[in-house]
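The structure is shown first, and the discussion follows.

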Amino acid sequence: MKVNPPPNNSCTPKHINVTHLGAKECVTGSCHLVQYESASGRSINILVDCGSSYGDDPELPFEQFPVAPNEINYLFLTHAHIDHIGRVLDLIDAGFAGEIICSHATKALLEPMLIDSLSFSSRSKREVQAITIKLEELTWGFELRQAFSLKEGVTFRLGNAGHILGSCFILFSFPSNSSKNDFKILFSGDLGCTNTPILPDPDPPPECDLLILESTYGDRTHPDRSKRIEQLKELLKKALADKGIVYIPAFALGRTQELLYELDRINLKIPVFVDSPLALKITDIYAKLSSLWDDEAKELNQKGDHPFDFKGLYSVKSYRDHKQLLEINGPAIIIAGSGMCTGGRILDHLEQGLQDPRNDIFFVGYQAKGTLGRRLIEGEMPVRAAIHSLSSYSAHADQQMLIDWVALMTKAPKEIRLVHGDEQARRELAEQLNQKER
């Protein structure tokens, strides 16, 4: 097994080429191209994810892609976070007219996530409506754990990645031009942690020749997740003791729903405000997809304890209500987007509350280099509010979880390429994986 080998040492046969167009050496902007030429000489171009970049992470213009957007046959989406889907509409505008393939849950989440991202664009209402219709025409939802066929004998299978609802890893099987055995490529997508509220644990990985593995937290281990509800409860009690406000910048998809689930379990009898129209829409979709929840969440729901609804929870939908919320006195908890403080209503709250020593900011997700969230965590900005980073709330597997997931393979892959991670994370994970192989 080779981990992150030089390109000329890759195990891929000559009729298959894998190019990493985004998140090759950073965390956001995931985008990968697989070019396959069949024995008959016909080619297939498959794009895996087409996401936006954050902070200092680079973004490759479409005109620099090895193939033009109108030559891409399939776009596979591992899940609906913007750093994996944020450029899909731009890709369609640039000429892509192939099939968009994802899980059923990702298909349900795709439109609200992308339409929300258009609020920052210059598109007119008519243009938004037209691109939404086009998106619906091109997108197909598929079942997990079943094999499906593409052109030229290529097959694929989606597996549960446990990152957010609908997240999947993708196994491609490409017919070989020189042997009886198919060449198999596995894209991990973003792998989730075990014991995550609402979500079933990730499926074991299938056997493959080439593994494209995420490495966001490849250089660290998360705190014990089994104790995180108690830790959150104690930290909130201390933060709210002076009757201040706890601000939680949170991703609308995934993180907000996890927080609501655990705040319901804690039951501090403190008002909780979700100040994000998108998060409220996503929470409604999560509720409708209850058949995909884990057993614990299903059992609670059957007993009448809905995971995302409790006394003292308030939805802040209109901008007028948002402006009124800026004047509220604590104690209170305010959950708002965006998760990295790169935009959204959280910016108004931080402007209002960062200089009040009674207030606290809880960061519950990865903060990319160059984002406001990263600068606040690293102390680059003078603030009087207390800053907390809760790494146990990451939706990404840590180093040991990644190693354990790879170890579940019945046979080690010939090659592993680490993507979706900073240099240090990729380097340390590569060292650990290589040691396991010795």
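In this predicted model, the axes of helix H5 (residues 228-240) and helix H6 (residues 255-266) cross at roughly 75 degrees and come within 10 Å. H5 and H6 are therefore roughly perpendicular to each other, since an angle of 65 to 115 degrees counts as such. On the H5 side the contact is made by Arg 228, Ile 229, Leu 232, Lys 233 and Leu 236, and on the H6 side by Glu 258, Glu 262, Leu 263, Arg 265 and Ile 266. By class, the residues of this contact of H5 with H6 divide into five nonpolar and five charged, with no polar residue.

Helix H6 also packs against helix H7 (residues 277-288), where the two axes come within 9 Å and cross at roughly 70 degrees. The contact of H6 with H7 has four nonpolar residues, three polar ones and no charged ones.

H7 has a further partner in helix H3 (residues 104-117), and here the angle is about 175 degrees, with the axes 10 Å apart. H3 and H7 are therefore roughly antiparallel to each other. H3 brings Ala 108, Leu 109, Pro 112, Met 113 and Asp 116 to the contact, while H7 brings Leu 278, Ile 282 and Ile 285. In the contact of H3 with H7, seven residues are nonpolar, none is polar and one is charged.

| H5 and H6 | within 10 Å | roughly 75 degrees | five nonpolar, no polar, five charged |

In soluble globular proteins, nonpolar side chains tend to be buried together. The largest nonpolar core of this model holds 71 residues, of which Leu 47, Val 88 and Ile 333 touch the most other members. H7 gives the most to this core, with six residues. Once its neighbours within four places in sequence are left aside, Val 88 is in contact with Cys 50, Leu 75, Leu 77, Ile 100, Leu 114 and Leu 135. Apart from this core lies another, of 25 residues, among them Leu 158, Cys 168, Ile 170 and Phe 187.

Arg 145 belongs to the loop between strand S7 (139-142) and strand S8 (147-149). Although Arg 145 and Arg 157 are twelve residues apart in sequence, their C-alpha atoms are 6.1 Å apart in space.

How many disulfides does the count come to? With a cut-off of 2.5 Å between cysteine sulfur atoms, the count is zero. Cys 11 is in no disulfide, and its nearest cysteine sulfur, that of Cys 208, is 8.6 Å away. Seen from Cys 208, the closest cysteine sulfur is that of Cys 11, and at 8.6 Å this is too far for a bond. Cys 11 counts as partly exposed because its relative accessibility is 23%, whereas Cys 208, at 5%, counts as buried.

Most residues other than glycine have a negative phi, and most peptide bonds are trans. Against that background, Glu 152, which is not a glycine, has a positive phi of about 55 degrees. Glu 152 is found in the loop between S8 and strand S9 (155-160), and with 26% relative accessibility it counts as partly exposed. Cys 341, likewise not a glycine, has a positive phi of about 60 degrees. Cys 341 is buried, at 4% relative accessibility, and is found in the loop between strand S16 and helix H10.

Cis peptide bonds are also present. One joins Gly 330 and Pro 331, with omega about 0 degrees, and Pro 331 lies in the loop between helix H9 (319-325) and strand S16 (332-336). Another joins Gly 337 and Ser 338, with omega about 10 degrees, and Ser 338 lies in the loop between S16 and helix H10 (346-353).

Definitions and conventions:
Residues numbered from 1 in each chain as written. Predicted model: local features only at pLDDT ≥ 70, side-chain atom pairs only at ≥ 80, totals over all residues. Heavy atoms only, no water. Buried < 20%, exposed > 50% of the residue type's maximum accessible area, 1.4 Å probe, protein only. Axes fitted to C-alpha atoms, helices over the stretch in contact; angles between N-to-C directions. Helix = DSSP H or I, 4+ residues; strand = E, 2+ residues; numbered from the N terminus. Parallel < 35°, antiparallel > 145°, perpendicular 65-115°, else oblique. Contact = heavy atoms within 4.5 Å. Nonpolar A, V, L, I, M, F, W, Y, C, P; charged D, E, K, R; others polar. Core = buried A, V, L, I, M, F, W, Y, C linked by side-chain atoms within 4.5 Å.
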